[in-house]
Amino acid sequence: MKHTLHTPHILLFIMLFVSMSVLSGATYAQQSDNKVQSLGDILNPKIGDYKENLSVDERGNIYFSKCMATESLAFDVEEKELLCACTSAKLGDIITGPEFVSLYKDTKKGETARLKVITYAYTKCIDYAIREKIYKDCRVLPVLKSIKYGKKNICECTANHYERLLTNGAAHLIMEGIKYAPMTLNPMERYFTTNAYYNTLSKYAKACRSQMLYDRHN
């Protein structure tokens with residue numbers, strides 16, 4: 001399947017780092033660099049202690065293991081594996097060994113490391129998982145239940161419409177995801193569990209179905 005979604009990375013980069021001061025004030029106002037128990041400990045289960053001299057491959061393997069171990073309510077195993085593998089492969093070029101030590105900590109250094117990973121790696125990988133998710137979710141929509149032929153074309157059309165929407169709105173959704181769960185490394189997770197996603201998906205599927213029926217009879 002062709003992947004064509006392109007997130008506006010420059011705009012996203014600006015929005016993410018401008019937001020750092022806002023998030024820092026709310027989350028770390030009275031904290032030192034010591035880890036505290038938080039929502040992040042639930043979202044990112046512990047897998048051992050890390051050393052600053054871990055190799056690029058070791059950091060990538062740890063990231064992949066933790067990413068796959070984190071429960072997702074939005075992405076299935078195949079979609080999550082695609083996202084985790086892609087992000088872990090890019091991780092070595094994004095953060096240093098000392099930064100990786102802080103990546104899963106609820107600290108200022110941890111926040112900075114997570115924002116770097118999200119900005120430079122996650123945003124370049126989420127496109128593929130999203131395309132797969134939209135297409136598969138479309139195929140099981142109630143509105144398409146009676147469709148026996150042409151469902152593939154309808155869902156391709158639906159995915160294309162959604163891609164155009166996310167090209168302009170992904171940065172905002174990522175920022176909302178970070179505000180909702182500051183420790184997350186998958187900020188798009190929240191959006192894909194909302195009614196807004198499913199309602200919009202159904203709307204596009206209906207429009208694509210109507211267009212297919214119109215084209216068939218004209």
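1. Helices (H or I, at least four residues) and strands (E, at least two) are taken here as DSSP runs, numbered from the N terminus. On that basis alanine 74 lies in the loop between helix 4 and helix 5.

2. The model is predicted: local features need pLDDT of at least 70, side-chain atom pairs count only at pLDDT 80 or more, and totals for chains, interfaces and linings use all residues. Residues are numbered from 1 along each chain as its sequence is written, and side-chain values use heavy atoms, with hydrogens and water left out.

3. Overall content. The protein has nine helices and zero strands, and its pattern along the sequence reads α-α-α-α-α-α-α-α-α. Of the 218 residues, 48% are buried (buried means under 20% relative accessible area, exposed over 50%, partly exposed in between, with a 1.4 Å probe and protein chains only). The exposed surface comes to about 11,600 Å², with carbon and sulfur atoms supplying 55% of it; accessible areas come from the Shrake-Rupley method with a 1.4 Å probe, and for residues only the protein chains shown count as cover. Among contacts (heavy atoms within 4.5 Å) between residues at least 6 apart in sequence, 76% join residues at least 24 apart.

4. Helix packing, conventions. Two packed helices are described by the angle between their axes and the distance between the axes. Axes are lines fitted to C-alpha atoms, for helices over the stretch in contact, and angles run from 0 to 180 degrees between N-to-C directions. Angles under 35 degrees count as roughly parallel, over 145 as roughly antiparallel, 65 to 115 as roughly perpendicular and the rest as oblique. A crossing is left-handed if the near helix is turned anticlockwise from the far one by less than a right angle, and right-handed if clockwise.

5. Helix 4 with helix 5. The axes of helix 4 (residues 56-69) and helix 5 (residues 77-91) come within 8 Å and cross at roughly 155 degrees. Helix 4 is therefore roughly antiparallel to helix 5, and the crossing of helix 4 and helix 5 is right-handed. Helix 4 contributes Arg59, Gly60, Tyr63, Phe64, Cys67 and Met68, which meet Val77, Lys80, Glu81, Cys84, Ala85, Thr87, Ser88 and Leu91 of helix 5. The residues of this contact divide into eight nonpolar, three polar and three charged (Ala, Val, Leu, Ile, Met, Phe, Trp, Tyr, Cys and Pro count as nonpolar, Asp, Glu, Lys and Arg as charged, and the others, Gly among them, as polar).

6. Arginine 59. This residue is found in helix 4 and is buried, with a relative accessible area of 7%. Not counting residues up to four places away in sequence, arginine 59 touches Leu54, Leu91, Gly92, Ile95, Thr96, Gly97 and Phe100. Its C-alpha lies 7.9 Å from that of glycine 97, 38 residues apart in sequence.

7. Alanine 74. With 7% relative accessibility, alanine 74 counts as buried. Beyond residues up to four places away in sequence, alanine 74 touches Glu79, Lys133, Glu189, Phe192 and Thr193. Alanine 74 and methionine 188 are 114 residues apart in sequence, yet 8.9 Å apart in space, C-alpha to C-alpha.

8. Helix 5 with helix 7. The two axes come within 9 Å and cross at roughly 160 degrees, so helix 5 and helix 7 are roughly antiparallel to each other. Their crossing is right-handed. Among the residues making the contact are Leu82, Leu83 and Cys86 of helix 5 and Ala121, Cys125 and Ala129 of helix 7. The contact residues divide into eleven nonpolar, one polar and seven charged.

9. Helix 7 with helix 8. Helix 7 (residues 108-139) and helix 8 (residues 151-180) have axes that come within 9 Å and cross at roughly 150 degrees, which means that helix 7 is roughly antiparallel to helix 8. Helix 7 passes helix 8 in a right-handed crossing. The meeting residues include Leu115, Ile118 and Tyr122 in helix 7, and Leu166, Ile174 and Ile178 in helix 8. The residues of this contact divide into 13 nonpolar, three polar and six charged.

10. Helix 9. Threonine 200 is found in helix 9 and is buried, with a relative accessible area of 16%. Leaving aside neighbours within four places in sequence, threonine 200 is in contact with Tyr162 and Leu165. Serine 202 is also found in helix 9 (residues 195-216), but at 21% relative accessibility serine 202 counts as partly exposed. Serine 202 and proline 142 are 60 residues apart in sequence and 8.6 Å apart in space, C-alpha to C-alpha.
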